[in-house]
Amino acid sequence: MAAAESPGPAAGPGGPRGAAEADAAGMGLTDLPGELLELILCCDVLGAADIGRVSCTCRRLREACQPRGKVWRERFRLRWPSLLKYYSHTDGVSWLEEYKARHNAGLEAQRIVASFSKRFFSEHVPCDGFSDIETLGCPSHFFEDELMCILNMEGRKGLTWKYYAKKILYFLRQQNILKNLKEYLQRPTDRQSFLEGAVLIDQYCNPLSDICLKSVQAQVDDITDKVRKVLRTKNPRHPSLASKAGEVLIPEVELQRQVLDAMNCVLYEQLKYKGNELDYYNSLNSYIHQVLIRRTGIPISLSVLYLTIARQLGVKLEPVNFPSHFLLRWCQGKEGSTDIFDYTYIDAFGKGKQLTVKECEYLIGHHVTEEFYGVVTSKEVLQRMVGNLLNLGKRESTDQSYQLLRDSLDLYLAMYPDNVQHLMLQARLYFHLGIWPEKVLDILQHIQALDPSQHGAVGYLVQHTLEHIERRKEEVGPEVKHRSDEKHKEVCFSIGLIMKHKRYGYNCVIYGWDPACMMGHEWIRNMNVHSLPHGPHQPFYNVLVEDGSCRYAAQENLEYNSEPREIPHPDIGRYFSEFTGIYYVPNTELEIRYPEDLELTRATVQKIYSSGKEATVSILNILTGLGKSPSNKNRSS
């Protein structure tokens, strides 16, 4: 590589400029100063392979590209910038080896993700489906980083890869969070921060969100600083304003009262925090990072925030597991008093209102015994938080509520692994969802060992779980449906098409079909299918709906969507590899089951949407409603 000429006055061959030109013409890359050489080699247009080839050319360039040097560090940073946070001390790090390890981890992650669709298309990923991941020979953060790269791929392609990458990442992060929770529970109680416990629950239920204790604590610190500013205007010499405030508790009740008044001013007047009375049963109210974002929550989540801020300002508040409404208590008498009347009770849900014992009873509408006014441990606070989530998961029968129920059961059993009631609930949940039958048997065996009196319920579930396992063994392979078969001649629509439901108006995408309704008599009766003009004797379609549900729709109730759009369903990647903007392309596994549908889908799209004539759509929908295909053959729709 020759150096650029410097501008200057013309000179003859024998002059100074001629000599400089001669020197420049003979200068190579290896003649450059070390810093300039490194700067060139760190250029982002060069790849790792380029650096590898350069380092093999001569000793000077090999030294410039040494494994622990700046060049390979920069190459690593440019390729995977988010990973640098794992290196607190960069001296002595072999960046070349780190680059190789991360590259190999990426290849391994891609291999595993690619295998999941083939292995688990027909069922939920089993509990032992992640065994390959648990025995990884690379750092887990390298593996996770590659999964994030897959999830962040631009465009509407790679949907199946993203679907399984998300499942694997969900599993990995939850396993790490469970380890952190168990370590947290093993600490002495005085080292168990209520805020950290709330963050761990939040992280486990939202493992794909960017939630960490450091960022949550920073937001709490910001609120605390606002409280100090208000406090400073009221009492410039208040001890909570000292640099070490929070490390020593404030003994004087009046000074504590000033802190609480300032907290109420900031939280409820300035920042407008409030109890979420209108949407009380929203799970977001239980997640501390959402409480900080939305500035609303339920009594226990707001109490954790309130208690944390108070302690950082030197005021000791204690959690009270009051029935139906979590409270905090503030000692007005002798420290550690057992007399419930020595305390004022604080309702963080009610804008920090301070209550007497009698007012606490008015709050819930009935009398309670003294035991309910006692202080509880951090573990008991977490138990109640998880219990709230469990109850929310039981309220509905949707995929989202089932996931919440699974996550909250995992958390509860991490704290109380031998709780028979919750073990039985977990076994029944897995049995109901038809997933993880082998794990169901393990849970039932554990229940029987803990409580032999459960043998009746255990025996019933064991019998039916074994039957499920046997049926699964008898499955010979996927059912392949050819449109050319005579029995499928009434099927008008094909997989991947974006449809609209005529009656309910929802948008959906077809991912399967049957030539007639394949559901049982009870479902047909409950869904009032016989009231349809063609009843159950017409094609029915499995559809993914934009609201996240999966439905089974009659052909006469579906029509082509005049404005096809992307369907935001969590399982879209399980069946489709790409969204073209008009239709979905089936992935390999779905195409095996419907080998002739993709061609028809493309032909249908070409006929309906390419010309942009909505009249065509209307005619096709009319024909379909009359029970006729676009080719005018009689249909029984």
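Predicted model: local features only at pLDDT ≥ 70, side-chain atom pairs only at ≥ 80, totals over all residues.
Two packed helices are described by the angle between their axes and the distance between the axes. For helix α18, which spans residues 420–433, and helix α19, which spans residues 437–450, the axes come within 9 Å and cross at roughly 155°. Because angles over 145 degrees count as roughly antiparallel, α18 and α19 are roughly antiparallel to each other. The crossing in which α18 passes α19 is left-handed. On the side of α18, the residues in contact are V420, L423, M424, Q426, A427, Y430 and F431, and these meet K439, V440, I443, L444, H446, I447 and L450 of α19. Sorted by class, this contact of α18 with α19 comprises 11 nonpolar, 2 polar and 1 charged residues.

Aromatic rings were examined next. A pair of aromatic rings is described by the distance of the centres and the angle of the planes. The structure contains 24 aromatic pairs, and one of them, formed by Y268 and Y306, is stacked, with 6.5 Å from centre to centre and 25° between the planes. Since Y268 belongs to helix α12 (residues 253–270) and Y306 to helix α14 (residues 299–312), the pair ties together parts that are 38 residues apart in sequence. Y268 and Y306 are both buried. Elsewhere in the description of ring pairs, W72, F76, W80, Y87, W95, Y99 and F142 are linked by such pairs into a cluster.

Key. Residues numbered from 1 in each chain as written. Heavy atoms only, no water. Axes fitted to C-alpha atoms, helices over the stretch in contact; angles between N-to-C directions. Helix = DSSP H or I, 4+ residues; strand = E, 2+ residues; numbered from the N terminus. Parallel < 35°, antiparallel > 145°, perpendicular 65-115°, else oblique. Left-handed = near helix turned anticlockwise from the far one by under 90°. Contact = heavy atoms within 4.5 Å. Nonpolar A, V, L, I, M, F, W, Y, C, P; charged D, E, K, R; others polar. Phe/Tyr/Trp six-rings, centres within 6.5 Å; stacked < 30°, edge-to-face > 60°. Buried < 20%, exposed > 50% of the residue type's maximum accessible area, 1.4 Å probe, protein only.
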